[in-house]
Amino acid sequence: MSSGSSSARSSEPEVEVRRSRRRTRTVSAFREGGKIVVAIPARMTRAQEREWVARMVAQLERKEARRKPTDTQLAKRARELGAQFLDGRAVPASVQWSTRQNRRWGSCTPSDRSIRLSSRLQGMPAWVVDYVLLHELVHLLHAGHDAAFWAELERYPHHERAKAFLEGVDWAERAGRSGQDDTDDDDEEGPADSLW
Ligand SMILES: [Zn+2]
């Protein structure tokens, strides 16, 4: 067995094991390029290495799956919601999670029909995420928040509840930020959308 990397079956990730003399106890795993690097203490036995590498790779993959319930799943949900509530009239070209939308829940760019949802929504109830997704889908049909826009969105039964939920989250976050400098805004460029 060659020390360092182990190439596995094609369905498994490429893993490189790095032994470090400076490490005494800690084991860590991270992505570097396309592979997973597992850093372990130099003194670990091969048996310990096998055990820890398997454990850390599985843990990292679980964490990644949780953090990103995948853009594919989000795009699929957008199609379902569009079919159910908008008669399939709003078809986005892309639907993605974004980690850079800290001040809004979602955005829609009608020119390229792209929708982004803030990753802050991940972990919130599905009916809340659905509301934001549907809200952005409606923007493919109506740019502004006019009566026609809300008429479309009111077909979604949880829209009032979801708006209230998000207002509560916003309120709590603003309360938590009070006193801090509020001018630093790293939101990505694009149309602002406050959702109400
Ligand atoms: Zn909006």
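Helix α2, spanning residues 71–85, contains 15 residues and reaches 21 Å from its first C-alpha to its last, close to the 21 Å expected at 1.5 Å a residue. The expected span is 1.5 Å times one less than the number of residues, and helices (H or I, at least four residues) and strands (E, at least two) are DSSP runs numbered from the N terminus. The model is predicted, with local features needing pLDDT of at least 70, side-chain atom pairs counting only at pLDDT 80 or more, and totals for chains, interfaces and linings using all residues. Residues are numbered from 1 along each chain as its sequence is written, and side-chain values use heavy atoms, with hydrogens and water left out.

Which residues of α2 are buried? They are L74, A78, L81, G82 and F85, where buried means under 20% relative accessible area, exposed over 50% and partly exposed in between (1.4 Å probe, protein chains only). These residues cover an arc of only 100° around the axis, which puts them on the same side of α2; the arc is that of the directions from the helix axis to the C-beta atoms. The face turned away from the buried side of α2 carries the exposed residues T72, R79 and Q84.

And what do the buried residues of α2 pack against? Their partners are β5 (94–98), β7 (114–118) and α3 (126–139), with contact meaning heavy atoms within 4.5 Å.

Strands β5 and β7 pair in the parallel sense over 5 bridges, and two strands pair if DSSP finds at least two bridges between them. W97 has L117 as its bridge partner in β7.

Elsewhere, β3 (residues 28–32) and β4 (residues 35–41) run antiparallel and are joined by 5 bridges. The two form a hairpin with 2 residues between them, and G33 in the turn has a positive phi of about 65°. R31 has I36 as its bridge partner in β4.

Most residues other than glycine have a negative phi, and most peptide bonds are trans. D87 is not a glycine, yet has a positive phi of about 50°. D87 lies in the loop between α2 and β5 and, at 51% relative accessibility, counts as exposed. R113, also not a glycine, has a positive phi of about 55°. R113 sits in the loop between β6 and β7 and counts as partly exposed at 39% relative accessibility.

The protein averages a pLDDT of 83, and 82% of the residues score at least 70; pLDDT is the predictor's confidence in each residue, from 0 to 100. Over residues 1–10 the pLDDT is below 50, and this stretch has 7 contacts beyond near neighbours in sequence. Where pLDDT is low, the predicted coordinates should not be read in detail.
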